[in-house]
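Please open the model in your viewer and keep the selection tool at hand. This tour goes from stop to stop, saying what to select next and what is found there.

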Amino acid sequence: MRYRLILLSLLLAATFLPGQAWGGEIRVVTTVPDLAALAEAVGGDRVSVRSLALPTQDAHFVDARPNMALLLNRADLLILVGLDLEVGWLPTLMTGSRNPRIQPGKPGHLDAGAYVEVRDVPTAPVDRSMGDIHPAGNPHYLHDPNQALLVARAISNRLIRIDPEHAEHYRARLATFEAEARQRIGRWERLFKEHEGKKVVTYHKSWGYLLSWLGLEEMGTIEPKPGIPPSPSHVARLLARMRADPPALILLESYYPDATARLLGERAGVPVLALPGGTDFRRGESYLDHIDHILRDLARAIERGLPEEAHK
Ligand SMILES: [Zn+2]
């Protein structure tokens, strides 16, 4: 009884924390901010959305904190990336949430990874203890707006199931989002037409969806396997390949350590570009504006190359 009272007071406190008040009828919690921005695009004022991780955090490794379990306790819908991206931290939070609505198999549990075209699915079983953190295929599909379109449709369908009285609201918002996304996708493809076939080295194996969509080639990764820090021998081999056949640039999310990327960039004469890992949802950025932002920076970095003085 006492425990329940403490839990209740914690929940009430959470409700009144600044920035924690729920607005819309349907409470949506997502693991990453890209999913939060998509849920908001489709749900509009019918939903209030929170993201557990920030765009400045690597979603493979998030510290599960008590306030996250409290957010999940009150959620009507949990949306996750899936493909084992959150396997290290989300299961504990889901148990701690004591919320039956968001458990697997329930309408309030949406695993978005089940709705996309998954890349890099291992052909042989991968043991996570060997260090590869993409054992179910590549979970970084949200960098590609074509995959995000599939996710937005899945979110709309799920919101209609949870909130059927407002089905038309969700259908109309999805149609608006799809029309804008398709228009921008056409524009982005034209922007990268002249760069087709150019090679890119990345830190983590997280940009394959985006690079392949834009006709760019994923030449190699600084991590020898997803989640394994670079070893001297791997870096030496990669440098030799980069000197023989220089890529257009080295690309990484800004939350990764950049020392090895900078070193390789200097030695091979290749520019390094660090991009945000996701939508700045808390500051009101939309998913499509986030993609626009990273693609403009990417195109500019490829066009500009390394400043002259850096070659010396
Ligand atoms: Zn990854």
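Which residues of helix 4 (residues 90-97) are buried? Select helix 4, and you will find that its buried residues are L90, L93 and S97; a residue is called buried if 20 or more other C-beta atoms lie within 10 Å of its own, exposed if 12 or fewer, and partly exposed in between, with the C-beta atoms placed from the backbone. Helices (H or I, at least four residues) and strands (E, at least two) are DSSP runs, numbered from the N terminus.

Before going on, note that this is a predicted model, in which local features need pLDDT of at least 70 and side-chain atom pairs count only at pLDDT 80 or more, while totals for chains, interfaces and linings use all residues. Residues are numbered from 1 along each chain as its sequence is written.

**Helix 4 and the residue after it**

Look down the axis of helix 4: the buried residues L90, L93 and S97 cover an arc of only 60 degrees, which puts them on the same side of the helix. This arc is that of the directions from the helix axis to the C-beta atoms. An α-helix has 3.6 residues a turn, so residues three or four places apart point the same way. Now colour P91, T92 and T95, the exposed residues carried by the face of helix 4 turned away from its buried side. The buried residues pack against helix 3 (66-73) and strand 3, where two residues are in contact if their C-beta atoms, placed from the backbone, lie within 7 Å.

Next select R98, in the loop between helix 4 and strand 4, where phi is near 50 degrees, a positive value in a residue other than glycine. With 10 C-beta neighbours inside 10 Å, R98 counts as exposed.

**Two loop residues**

Move to L83, which is found in the loop between strand 3 and helix 4 and, with 23 C-beta neighbours inside 10 Å, counts as buried. Leaving aside neighbours within four places in sequence, L83 is in contact with G113, V118, A136, G137 and P139. Although L83 and G113 are 30 residues apart along the chain, their C-alpha atoms are separated by 6.0 Å.

Then select D120, in the loop between strand 4 and helix 5 (145-162). D120 has a positive phi of about 55 degrees although it is not a glycine, and with 16 C-beta neighbours inside 10 Å it counts as partly exposed.

Show the strands of the open four-stranded sheet, which has the order 2-1-3-4 with parallel pairing; two strands pair if DSSP finds at least two bridges between them. Strand 2 (47-51) and strand 4 (109-111) stand at the edges, each with a single partner strand, so one side of each is left without a neighbour in the sheet. The twist averages 20 degrees from one strand to the next, with axes being lines fitted to C-alpha atoms, for helices over the stretch in contact, and angles running from 0 to 180 degrees between N-to-C directions.

**Helix 9**

Select helix 9 (residues 259-268), whose buried residues are T260, A261, L264, G265 and A268. Seen down the axis, they fall within an arc of 135 degrees, so they line one face of helix 9. On the other side, A259 and R267 are exposed. What covers the buried residues includes helix 8 (232-244), strand 7 (249-253) and strand 8 (272-275). Just after helix 9, G269 takes a positive phi of about 70 degrees.

**The largest nonpolar core**

Finally, select L38, A39, V42, I79 and I155, which touch the most other members among the 78 residues of the largest nonpolar core, a core being a set of buried Ala, Val, Leu, Ile, Met, Phe, Trp, Tyr and Cys residues joined through C-beta atoms within 7 Å. Domain 1 (2-116 + 135-186) and domain 2 (195-311) both give residues to this core, so it lies between them; the domain bounds come from an automatic or database domain assignment. Leaving aside neighbours within four places in sequence, I155 is in contact with L38, A39, V42, I79 and L110.
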